[in-house]
Amino acid sequence: MKFRIILSDSSHKWHEDYNVFEVTSKVAAEKYATRMIENFNLGLRPNEKPRKLVRIEIGKDDCKLDHYWEKLNLVTERDRTGSFDRLRCKRCSATARRYGISSIVRDKKFKDEKYISCNPPRIVTVRRKVKK
Ligand SMILES: [Zn+2]
């Protein structure tokens with residue numbers, strides 16, 4: 001999920017943007033930011049000032065996850081359009097080809113608009129039958 005951390009130290013206020021796969025809620029983003037700032041403050045160098053979390057902002061598109069692409073091929077392949085890498089989303093298993101550095105073309109099977117963002121399958125909880 002994408003989120004923005006607004007930080008301050010004794011003289012500045014600034015923001016940093018993150019996109020972290022494991023973070024899926026505002027609460028989790030807050031925990032993530034808090035932990036990161038704590039770690040930073042524990043390892044302060046003489047010229048660094050302790051940081052403080054001001055607040056977390058979640059983007060409007062927070063429910064639209066980007067695909068979490070992983071490269072499948074070891075060696076770059078070629079087709080009519082040029083050389084490409086095969087990608088698969090770790091979350092929803094959509095597949096695509098990446099041409100150059102950033103041009104990602106989803107495979108035919110995932111051409112539909114609904115695959116623009118990631119739609120991970122819901123986690124199914126298995127209920128055990130309780131014997132009476
Ligand atoms: Zn995906």
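This is a predicted model: local features need pLDDT of at least 70, side-chain atom pairs count only at pLDDT 80 or more; totals for chains, interfaces and linings use all residues.
Trainee: In what order do the elements of the protein chain run from the N terminus on?

Mentor: The protein chain holds one helix together with eight strands. Read from the N terminus on, the order of these elements is β-β-α-β-β-β-β-β-β.

Trainee: What is the mean pLDDT of the protein chain?

Mentor: By element, confidence is lowest in β2, with a mean of 88, and highest in β7, with 95. For the protein chain, 86% of the residues reach 70 or more, and the mean pLDDT is 85.

Trainee: How many residues lie between β7 and β8 in their hairpin?

Mentor: Strand β7 covers residues 95–99 and strand β8 covers residues 103–106, and the two run antiparallel, joined by four bridges. One of the bridge pairs is A96 with R106 in β8. In the turn of the hairpin, G100 has a positive phi of about 65°, and the number of residues between β7 and β8 is three.

Trainee: Which residue in the turn between β6 and β7 has a positive phi?

Mentor: β6 and β7 pair in the antiparallel sense over five bridges, and R88 has T95 in β7 as its bridge partner. These two strands form a hairpin with five residues between them, and the residue in the turn with a positive phi, of about 70°, is S93.

Trainee: Is S93 buried or exposed?

Mentor: S93 is found in the loop between β6 (82–89) and β7, and its phi is positive although it is not a glycine. Because S93 has 11 C-beta neighbours inside 10 Å, it counts as exposed.

Trainee: How many C-beta neighbours inside 10 Å does R78 have?

Mentor: The place of R78 is in strand β5, residues 77–79, and its bridge partner in β6 is S83. The C-alpha atoms of R78 and Y99, which are 21 residues apart along the chain, are separated by 9.4 Å. R78 counts as exposed because its number of C-beta neighbours inside 10 Å is 8.

Trainee: How many residues lie between β5 and β6 in their hairpin?

Mentor: β5 and β6 pair in the antiparallel sense over three bridges. The two strands form a hairpin, and the number of residues between them is two.

Trainee: Which residue in β6 is the bridge partner of E70?

Mentor: β4 and β6 are paired in the antiparallel sense, over three bridges. Within this pairing, E70 has as its bridge partner in β6 the residue R88.

Trainee: Which residues does W69 touch, not counting residues up to four places away in sequence?

Mentor: W69 has its place in strand β4 (residues 69–71), and it is partly exposed because 19 other C-beta atoms lie within 10 Å. W69 and S93 are 24 residues apart in sequence, while their C-alpha atoms are 9.0 Å apart in space. Not counting residues up to four places away in sequence, W69 touches L87, C89 and A96.

Trainee: Which are the edge strands of the open sheet formed by three strands?

Mentor: The three strands of this sheet stand in the order β2-β1-β3, with antiparallel pairing. Each edge strand pairs on one side only, and the edge strands are β2 (13–19) and β3 (52–58).

Trainee: At about what angle does helix α1 run to β3?

Mentor: Helix α1 spans residues 26–42 and lies across β1 and β3. Its angle to β3 is about 150°.

Trainee: Which residues make up the largest nonpolar core?

Mentor: In soluble globular proteins, nonpolar side chains tend to be buried together. Leaving aside its neighbours within four places in sequence, A29 is in contact with M1, F3, V23, I56 and I58. The largest nonpolar core has seven residues, namely M1, F3, I5, V23, A29, A33 and I56.

Notes:
Residues are numbered from 1 along each chain as its sequence is written. Two strands pair if DSSP finds at least two bridges between them. Two residues are in contact if their C-beta atoms, placed from the backbone, lie within 7 Å. Axes are lines fitted to C-alpha atoms, for helices over the stretch in contact, and angles run from 0 to 180 degrees between N-to-C directions. A nonpolar core is a set of buried Ala, Val, Leu, Ile, Met, Phe, Trp, Tyr and Cys residues joined through C-beta atoms within 7 Å. A residue is buried if 20 or more other C-beta atoms lie within 10 Å of its own, exposed if 12 or fewer, and partly exposed in between; C-beta atoms are placed from the backbone. pLDDT is the predictor's confidence in each residue, from 0 to 100.
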